[in-house]
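Here is a brief report on one protein chain.

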Amino acid sequence: MAQDTAVPKLSFQYWLNKAVEWGQTTTLESQQDVCLHLPKLQEFLQQIYESLKHMNSTTAIQRFPLIGQLLGRLCWNPFVVGYDESQKTLMWCLCCLYSKEPQNPVDLKANSWILSLLCHLLSSSEWGANKVGTGTFISALGYTSADYYSKLVKNIVLSLVTELKGNQFNGLNIQGRVSDDHVNVVSLFCVPLITLPDVTPLLEALLTYHGGRSQEVLSSEFLEAVNETFLKKKIVLSESAILSLWLRHLPSLEKATLHLFERLISSQTSSLEEVECIIKDSLLPKAACHPAIFRIVDEIFKNALLETGGTPEVMTIIQMFTRCFVQAHQKDNKQHKFPLKAYFPHQHQHLVIALLKHPFDLSATLWSQHLKYITDMLKAIIEDKSIRTYADLFESWFLFVHFGEWADIAVEQLLKSEDESSDTFLWLLAFYYNPHNDKEKRTQILVEARAVYDRLMMLFSCTTLSVTDLQAAASTKTDKRQPCTKHLVRHLLISFLLFSSGGHKIAQEFISHVILASSTTNEVFGLLTRTAYRFNQLGLKDQRAVKLVNELLQELRFTD
């Protein structure tokens with residue numbers, strides 16, 4: 001074969017003898033001899049690489065039995081490593097010797113040795129001025145040891161990045177470019193070096209590199225390590241690199257989403273502004289502008305919602321993530337970005353478009369009309385005879401959960417609207433808190449909600465109220481009120497406290513004696529933080545309700 005004759009045995013033996021000779025002495029004459037031979041050595045190494053890249057590791061060892069000894073000695077010679085493209089060529093040669101599927105302990109040991117050499121070539125911390133007599137040489141060049149190896153690392157990283165981007169190598173175009181197997185090995189040896197700042201450009205080049213086959217080119221260990229290090233904030237990568245990581249490695253995307261979710265659930269955030277910052281900082285909303293990522297993240301949130309029984313805390317997280325995603329999508333300046341409705345392809349598009357219209361984007365005078373429009377469409381979908389499974393119903397409810405701000409607006413409108421609108425808004429809230437396809441059950445919820453609502457409206461204009469009055473209005477004749485109905489009633493009660501004159505006067509007492517004495521503190525805190533967030537977004541500062549919300553939140557934080 002042509003590549004077998006490209007490296008004569010005599011030439012190979014010559015350079016091996018030279019490597020042994022250079023390693024045994026550090027005299028000035030020896031150093032001068034290395035420098036004189038560097039151009040020819042680099043040509044020889046390039047010939048070696050051109051031969052090795054056509055072989056598997058077993059064939060390479062058979063063809064060049066002493067190849068490991070030669071490369072090992074050259075890798076520890078600072079004159080060789082520091083010359084032009086020699087360091088990179090040594091790395092590619094080592095990659096060719098790496099066994100992708102080791103068959104025995106010898107292969108495993110060889111792989112370990114290769115990885116240690118590769119790490120040695122890139123990691124400045126592994127090199128010292130006292131090793132292999134390099135101190136005098138480095139000083140003569142006018143460098144400190146740290147500066148010298150830092151520049152060496154930067155040069156090889158830049159060279160590898162150029163290589164991965166398909167540019168020229170040594171002034172010549174490589175035939176067939178670098179093989180995917182070699183790129184796989186490079187990604188593998190990068191694992192222990194991920195946190196080195198100088199290696200970051202190489203990480204990004206690898207993450208955005210796509211080989212010539214359908215299978216993943218990069219090692220799973222590399223992808224997992226990069227994701228783990230990014231989540232721990234030990235490295236900073238470009239958004240395009242992170243997007244590429246999550247698109248090409250589903251486990252990393254899933255872990256990033258679960259990491260965000262767990263952080264939001266466990267952290268003691270005091271406002272939705274804090275939640276918003278945490279979500280945006282994760283980069284997931286921006287990454288979700290790619291529909292494939294959005295659907296996977298959304299599926300994880302859906303499973304979390306099912307596993308927790310639809311708790312208000314989880315619903316709020318989904319709503320805030322959706323809001324951050326929509327904002328990121330609106331700021332996306334890509335010429336061919338996907339329309340928002342593409343992220344909900346299996347939903348009724350008129351409903352999707354209506355829900356995507358955020359309350360803050362409409363005048364408050366239009367909220368009631370828009371809510372009726374949303375409710376009419378949801379009712380038509382739910383009452384459609386073709387909707388026969390709970391799964392169909394759940395999907396419509398899950399869509400509405402994404403835009404739950406409209407449920408908060410519905411409660412507020414209930415207390416300000418005329419009687420003709422109350423049935424519409426109560427139905428929407430009953431659906432929000434109980435998405436079961438059971439007309440009898442939903443009717444029962446509506447009856448109880450209507451009774452509480454009517455009693456609250458009778459008290460709405462009263463300027464003097466007691467906690468007992470409010471408790472009586474929220475009471476039921478039986479002790480079998482469903483949890484979903486309890487959520488709805490609490491929502492009505494908190495809104496009553498905020499928007500009625502009499503409610504203002506007893507709000508703190510009600511929170512202290514009723515809410516704090518129950519197990520609903522977190523739920524009420526969530527309702528108040530959503531209200532405070534809405535007020536802040538609307539720019540409301542001096543209204544009585546705004547001040548009361550902040551006072552109640554302060555009290556709940558103090559007692560936590």
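A residue counts as buried when its relative accessible area is under 20%. Cysteine 95 has a relative accessible area of 2%, so cysteine 95 is buried. The model is predicted.

**Overall fold**

The chain has 30 helices and zero strands. Of its 560 residues, 53% are buried. Take the contacts between residues at least 6 apart in sequence: 72% of them join residues at least 24 apart.

**Buried residues by value**

| Residue | Relative accessibility |
|---|---|
| Cysteine 95 | 2% |
| Cysteine 190 | 0% |
| Aspartate 332 | 17% |

**Cysteines**

How many disulfides does the structure hold? It holds zero. A disulfide is a covalent bond between the sulfur atoms of two cysteines. For cysteine 95, the closest cysteine sulfur is in cysteine 96, at 6.9 Å, which is too far for a bond. The cut-off for a disulfide is 2.5 Å between the sulfur atoms.

**Helix H7 against helix H11**

Cysteine 95 and cysteine 96 also take part in a helix contact. Helix H7 spans residues 86–97, and helix H11 spans residues 180–189. Their axes come within 9 Å and cross at roughly 105°. Angles of 65 to 115 degrees count as roughly perpendicular, so H7 is roughly perpendicular to H11. H7 contributes Met91, Trp92, Cys95 and Cys96. H11 contributes His182, Val185, Val186 and Phe189. By class, this contact has seven nonpolar residues, one polar residue and no charged residues.

The largest nonpolar core has 181 residues. Which of them touch the most other members? They are Trp246, Phe400 and Trp406. Leaving aside neighbours within four places in sequence, phenylalanine 400 is in contact with Leu355, Ile374, Leu378, Trp406, Ala407, Leu428, Phe431 and Tyr432.

Trp406 and Ala407 are among the buried residues of H23.

**Aspartate 332**

Where does aspartate 332 lie? Aspartate 332 is in the loop between helix H19 (312–331) and helix H20 (349–356). Not counting residues up to four places away in sequence, aspartate 332 touches Cys289 and Lys337. Aspartate 332 and cysteine 289 are 43 residues apart in sequence. In space they are 8.1 Å apart, C-alpha to C-alpha.

Technical notes: Residues numbered from 1 in each chain as written. Predicted model: local features only at pLDDT ≥ 70, side-chain atom pairs only at ≥ 80, totals over all residues. Heavy atoms only, no water. Axes fitted to C-alpha atoms, helices over the stretch in contact; angles between N-to-C directions. Helix = DSSP H or I, 4+ residues; strand = E, 2+ residues; numbered from the N terminus. Parallel < 35°, antiparallel > 145°, perpendicular 65-115°, else oblique. Contact = heavy atoms within 4.5 Å. Nonpolar A, V, L, I, M, F, W, Y, C, P; charged D, E, K, R; others polar. Core = buried A, V, L, I, M, F, W, Y, C linked by side-chain atoms within 4.5 Å. Buried < 20%, exposed > 50% of the residue type's maximum accessible area, 1.4 Å probe, protein only.
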